[in-house]
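This report describes one protein structure in running text. Please keep the sequence and the 3D view at hand while reading.

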Amino acid sequence: MKKLRTLVSEYLKLCKKRKLSRAYVAEQTRVLEGMVSWIAKDDIKEVQTYEIYDFIEMENRAAFTKIKRINIIKGFWNWVCEQYAIKNPTARIIPPAIPDRQDIVVHNVTTELIEDLCSECDPNTGAYHAIKTVWACGFRVEQLLHLALSDVDEHKMLVLGAPIPDHHTLEQIHLLLAYMVRVSKLSSFQLRRVWTDELSSAVKAVGCEPVRFLDIRNACIDRWIREHYSPKSIMSWAGIKTTKTLWRHYEAADLEHYVPGPLYKDYETTL
């Protein structure tokens, strides 16, 4: 009987052959490799339901993310049980009901706040460059974790199809790529945890309201909306798949407490 880590590797190879979206395969890889690290067992017969449940509950994430994580884990163990006569440890784990989507709330994120947060970050964690890149380009953390040099077009000042507002941001992207090369032995699950903890520590040090990477991304999209870029461009830059999600961002842009930062005004831009 094969070891758990070997089975995860074989399952991920099969998933890649199914031509699933790059983002979903990346999430599968992150979740399953994180599960292996959390359980720390080689024999699949020894894996208990409570261990998988503890892993799922470890990250306090949104309901939609938890549902996705549970379905990925259940899909893997269903595939394992088709090959080996073992008890499925995920049989009693039921995904939560899909809730109604909450309104997007844009926090009062400005360039000055981003600079304060970055000044409190440990430069050896890469969080400094990650925060700057999310604020400038509106990326999800998953996109940063799988960013490659081939995704950056210096001549057109584009990264993953999104505009790079200035050469300062381009430098931050290159520094982030260099950092990820140095820590290539870390899994995306571990790296994401480091960045999240570092941002939380920076928020406490600055003394501002709680800010997540998602809040910084939403603030970037809100800035694009207020600067009157076309909805089609914003959908492309932010990787938004449906107009329903886009209009939720437009509804959030009506908040009166928003104070725009000086980005795109004091620096050279190709937009």
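A contact, as the word is used here, means heavy atoms within 4.5 Å. Helices (H or I, at least four residues) and strands (E, at least two) are DSSP runs, numbered from the N terminus. The model is predicted: local features need pLDDT of at least 70, side-chain atom pairs count only at pLDDT 80 or more, and totals for chains, interfaces and linings use all residues. Residues are numbered from 1 along each chain as its sequence is written, and side-chain values use heavy atoms, with hydrogens and water left out.

**Overall picture**

The protein chain contains 12 helices and three strands. A residue is called buried under 20% relative accessible area, exposed over 50%, and partly exposed in between (1.4 Å probe, protein chains only). By this rule, 47% of the 271 residues of the protein chain count as buried. Among the contacts in the chain with a separation of 6 or more, 68% come from residues 24 or more positions apart.

**The nonpolar cores**

A nonpolar core is a set of buried Ala, Val, Leu, Ile, Met, Phe, Trp, Tyr and Cys residues joined through side-chain atoms within 4.5 Å. The largest one has 53 residues, and those with the most contacts inside it are Ile131, Val159, Ile173, Trp195, Phe213 and Ile216. At least two residues of this core are supplied by each of helix 5 (111–119), helix 6 (127–137), helix 7 (141–145), helix 8 (167–182), helix 9 (188–206), helix 10 (213–226), helix 11 (231–238) and helix 12 (243–252). Apart from this core lies another, of 27 residues, including Leu12, Met35, Tyr84 and Ile93. Leaving out residues up to four places away in sequence, Val159 touches Cys137, Phe139, Leu147, Asp151, Val152, Ile164 and Ile173.

Helix 6 is largely enclosed by the rest of the structure, because 10 of its 11 residues are buried. Among these buried residues are His129, Lys132, Trp135 and Cys137. Just after helix 6, Gly138 takes a positive phi of about 70°.

In helix 11, the buried residues are Ile234, Met235, Trp237 and Ala238. Against which elements do the buried residues of helix 11 pack? They pack against helix 6, strand 3 (162–163), helix 10 and helix 12.

The three strands form an open sheet with the order 1-2-3 and antiparallel pairing. Strand 1 (152–153) and strand 3 stand at the edges, each with a single partner strand, so one side of each is left without a neighbour in the sheet. Two strands pair if DSSP finds at least two bridges between them. Strand 1 and strand 2 (residues 158–159) run antiparallel and are joined by two bridges; Leu158 in strand 2 is the bridge partner of Asp153.

Pro163 has its place in strand 3 and is buried, with a relative accessible area of 2%. Its C-alpha atom is separated by 9.9 Å from that of Ser233, which is 70 residues apart from Pro163 along the chain.

Met157 lies in the loop between strand 1 and strand 2, and its phi is about 55°. Leu160 is placed in the loop between strand 2 and strand 3, and its phi is near 55°.

| Residue | Relative accessibility | Class |
|---|---|---|
| Met157 | 4% | buried |
| Leu160 | 32% | partly exposed |
| Cys81 | 22% | partly exposed |
| Cys137 | 0% | buried |

**Cysteines and a polar contact**

A disulfide is a covalent bond between the sulfur atoms of two cysteines; here the criterion is a pair of cysteine sulfur atoms within 2.5 Å. A search of the whole structure finds zero disulfides. For Cys137, the nearest cysteine sulfur is that of Cys220, 7.0 Å away.

Glu51 lies in helix 3 (residues 49–58). Is Glu51 buried or exposed? Glu51 is buried, with a relative accessible area of 11%. Its side chain is joined to that of Lys41 by a polar contact of 2.8 Å. Such a contact is a pair of N or O atoms within 3.5 Å; within protein, one must be able to donate a hydrogen and the other to accept it, and residues adjacent in sequence count only if both atoms are side-chain atoms. Not counting residues up to four places away in sequence, Glu51 touches Trp38, Ile39, Lys41 and Glu46.
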